[in-house]
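Subject: The structure, and what turned up in it

Hi there,

Here is the structure I promised to pass on. Please have a look at it first, and then read my notes below.

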Amino acid sequence: MRSDNFGLKLLAISVALVVPIGSFLGRSVVEMPAWQRVGPIAWAIFSRQADLGNGEVLYPLFGIGSTVLAVALAIAYRLNRNAPRSAAFPVYLGAAFAIGVILATTQAAPQMLSLSHVGNDPVVLQGALDTFEFWQAIRTGCIALGYVSNLWALLCIVSSDGKVVSVRGETSP
């Protein structure tokens, strides 16, 4: 297979999204319920060190990077006249879900960023925790559905005879 293969690029993007998906799922399914049990002050203390520490660089890189990849993939697909039309919906859906993650982040991030200046008032922190948890669940849903969309598109691109259509519209065994 050629290195410019559209299917291989889609596979690479899908594999690259495994880390963010694990991070989002871990936070939504494991961490957020635990933080609700231990309380908003403990959540704020931890988040100030983690999310407002190294996370302030790492999380935007994952979020913006995966969205750029998904949108670039949709553009490459659109420009490829020979790409299987059966992959159109899942390719575009993957890009839409990636944009959904960014849109939900515009609501979740202010809650996290507010921790640097709201103090330790448990009522205020509980409101921030609850709002962050709500938008985190939406982000998790979007990233998981985007990943499933990418896998669906990959299945559509790989034809029954085992050939994959490249970005240039050529097929290879």
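In what order do the elements of the protein run from the N terminus on? They run α-α-α-α-α-β-β, which gives five helices and two strands. Here, helices (H or I, at least four residues) and strands (E, at least two) are DSSP runs, numbered from the N terminus.

Two notes before the details. This is a predicted model, where local features need pLDDT of at least 70 and side-chain atom pairs count only at pLDDT 80 or more, while totals for chains, interfaces and linings use all residues. Residues are numbered from 1 along each chain as its sequence is written, and side-chain values use heavy atoms, with hydrogens and water left out.

**Overall picture**

The protein has 173 residues, of which 39% count as buried. Buried means under 20% relative accessible area, exposed means over 50%, and partly exposed is in between (1.4 Å probe, protein chains only). Taking contacts between residues at least 6 apart in sequence, 77% join residues at least 24 apart; contact means heavy atoms within 4.5 Å.

Helix α3 covers residues 40–79. A straight helix of 40 residues would span 58 Å at 1.5 Å a residue, but α3 spans only 48 Å between its end C-alpha atoms. The expected span is 1.5 Å times one less than the number of residues. There is also a kink of about 75° in α3, centred on G55. The bend at a residue is the angle between axes fitted to the seven residues ending there and the seven starting there.

Helix α4 has 26 residues and reaches 37 Å from its first C-alpha to its last, close to the 38 Å expected. It has a kink of about 35° at T106, shortly before the proline P110. Among the buried residues of α4 are P90, A98, A108 and M112.

For α5, the 36 residues should span 52 Å, and the end C-alpha atoms are 51 Å apart, which agrees. D121 caps the N-terminal end of α5, with a side-chain oxygen 2.9 Å from the backbone nitrogen of V123. That is a polar contact: a pair of N or O atoms within 3.5 Å, where within protein one must be able to donate a hydrogen and the other to accept it, and residues adjacent in sequence count only if both atoms are side-chain atoms.

**Cores**

The largest nonpolar core has twelve residues, including M32, W35, W43, L52, A108, L129 and F132. A nonpolar core is a set of buried Ala, Val, Leu, Ile, Met, Phe, Trp, Tyr and Cys residues joined through side-chain atoms within 4.5 Å. The elements that give two or more residues to this core are α2, α3, α4 and α5, and α5 gives the most, with four. Not counting residues up to four places away in sequence, A108 touches F132, W135 and R139. Apart from this core lies another, of ten residues, among them A74, A83, A87 and A153.

**Aromatic pairs**

The structure holds five aromatic pairs. Rings of Phe, Tyr and Trp (its six-membered ring) pair if their centres lie within 6.5 Å; planes under 30 degrees apart count as stacked, over 60 as edge-to-face and the rest as tilted. The rings of W35 and F46 have their centres 5.1 Å apart and their planes at 35°, so the pair is tilted. This pair links W35 in α2 with F46 in α3, eleven residues apart. W35 counts as buried at 16% relative accessibility, whereas F46 is partly exposed at 39%.

W43 and F132 form another tilted pair, 6.1 Å centre to centre with 40° between the planes.

**Two threonines**

T67 is in α3 and is buried, with a relative accessible area of 11%. Its side chain reaches the backbone oxygen of G63 at 2.9 Å, and a polar atom of the T67 side chain lies 3.2 Å from the backbone oxygen of A98. Leaving aside neighbours within four places in sequence, T67 is in contact with A98, I99 and I102.

T140 is found in α5 and counts as buried at 7% relative accessibility. A polar atom of the T140 side chain lies 3.3 Å from the backbone oxygen of F24.

Best wishes
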